[in-house]
Amino acid sequence: MAIAKAERLMNLALCLLGTRRPLSKRELRESIEAYVEAFGPGGGAPLGPDQPASGSDDAFNRMFERDKDDLRELGLVIETVESLDGEIGYLARRDSNRLPPITLDAEEAAALGLAAKVWQQARLAGAASGALQKLRAAGLPEDVDPYEAHSALEPRIPVHEAAFEPLMLACRDRRPVVFEYRKATAAHPETRHVEPWALECWRGHWYLAGFDRDRGAERVFRLSRITGKVRSRAGRFTAPVPDVVTVRETVAGWAGETADRSALIRLRAGAGYPLRAKATAVRELGDGWDELEIPYGHGLDAWLVEFGPDVMVLEPAELRADVVDRLRAVAKG
């Protein structure tokens with residue numbers, strides 16, 4: 001069975017790499033012998049998500065999606081293209097799947113090993129290990145161990161959100177997604193249709209930057225507020241993807257990392273050390289409270305709510321109102 005699956009995956013990969021135009025599921029089903037033997041040629045009708053399918057069509061669709069995911073997991077870049085008549089096709093461009101000659105010195109190899117260690121506790125551990133194996137085959141020096149300890153510090157990036165992996169794959173493959181999202185000020189989640197751009201980690205929290213189709217604008221979503229499963233959707237992006245710098249600036253702004261004015265708050269003595277580290281001025285008030293002046297940017301209200309009763313906003317009035325609204329939403333559940 002393992003040999004049969006490996007042969008089927010190899011044939012599918014060769015078919016996708018050898019075509020100059022996107023191939024539909026129907027064409028791939030008719031071209032690969034393992035599919036024909038298992039499910040038949042499938043007739044002349046295209047196999048699409050909106051068309052009724054027989055039992056064999058359903059079984060083929062499930063196997064094809066698994067095979068496609070397996071190839072992507074192995075590193076094959078498979079593009080999904082929608083034709084003018086709405087039919088979905090697939091291809092793997094050779095220029096996107098060709099690794100150029102690589103020459104790494106000891107310091108560069110150590111840097112790659114350190115980057116791989118970051119993901120050892122996450123679902124990307126297997127991908128990081130596989131990437132290092134490919135680099136070894138492409139010319140990584142044999143006498144260099146990328147996993148060798150070069151420092152007493154070993155960085156880790158925690159990834160606890162179930163939405164991380166499907167969103168990471170959707171960003172990589174440029175696939176639209178749908179998920180339920182609960183805003184901090186809302187009691188119930190809302191459905192969001194998003195074209196994902198990039199994932200960024202700020203203050204220990206993961207954020208998704210992308211284009212919100214329902215609102216027609218770029219938005220940033222905190223992964224811990226995504227409820228349920230992230231579902232992929234067919235089709236291409238409708239909005240242009242900005243460059244990396246723009247996306248990171250967007251994430252930083254929505255995560256509260258940029259500030260254009262100041263806010264005045266009261267903070268309980270001995271609490272809120274992250275706020276104290278950001279403060280531009282601190283004054284002791286007595287009775288167990290201090291007064292802090294801190295930078296005020298987008299996202300500060302959500303951050304202040306995390307400190308609960310240890311923080312009281314004095315000014316500006318709109319920030320105080322936003323914090324009160326968030327606290328009331330939390331109280332309502």
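A residue counts as exposed when its relative accessible area is over 50%. The structure shown in these views is a predicted model.

**View 1. Aspartate 287 sits in a loop between two strands.** The strands on either side are E10 (281–286) and E11 (289–296). With a relative accessible area of 80%, aspartate 287 is exposed, because this value is over the 50% cut-off. Its phi is positive, about 55°, although aspartate 287 is not a glycine. Most residues other than glycine have a negative phi.

**View 2. Arginine 174 lies in the loop between helix H7 (164–173) and strand E4 (177–181).** Arginine 174 is not a glycine, yet it has a positive phi of about 55°. Its relative accessibility is 39%, so arginine 174 counts as partly exposed.

**View 3. A cis peptide bond joins glutamate 315 and proline 316.** Omega is about 5° at this bond. Proline 316 is found in the loop that runs between strand E12 (311–315) and helix H11 (317–332). Most peptide bonds are trans.

**View 4. The largest nonpolar core has 18 residues.** Those touching the most other members include Leu12, Leu28, Tyr35, Phe64 and Leu71. Two or more residues of this core come from each of helix H1 (2–18), helix H3 (33–39), helix H4 (55–73) and strand E3 (88–91). A second, separate core has 17 residues, among them Leu267, Ile294, Val305 and Leu319.

**View 5. Leucine 71 and its contacts.** Leaving aside residues up to four places away in sequence, leucine 71 touches Leu9, Leu12, Ala13, Leu16, Leu76 and Ile78. In soluble globular proteins, nonpolar side chains tend to be buried together.

Terms used: Residues numbered from 1 in each chain as written. Predicted model: local features only at pLDDT ≥ 70, side-chain atom pairs only at ≥ 80, totals over all residues. Heavy atoms only, no water. Core = buried A, V, L, I, M, F, W, Y, C linked by side-chain atoms within 4.5 Å. Buried < 20%, exposed > 50% of the residue type's maximum accessible area, 1.4 Å probe, protein only. Helix = DSSP H or I, 4+ residues; strand = E, 2+ residues; numbered from the N terminus. Contact = heavy atoms within 4.5 Å.
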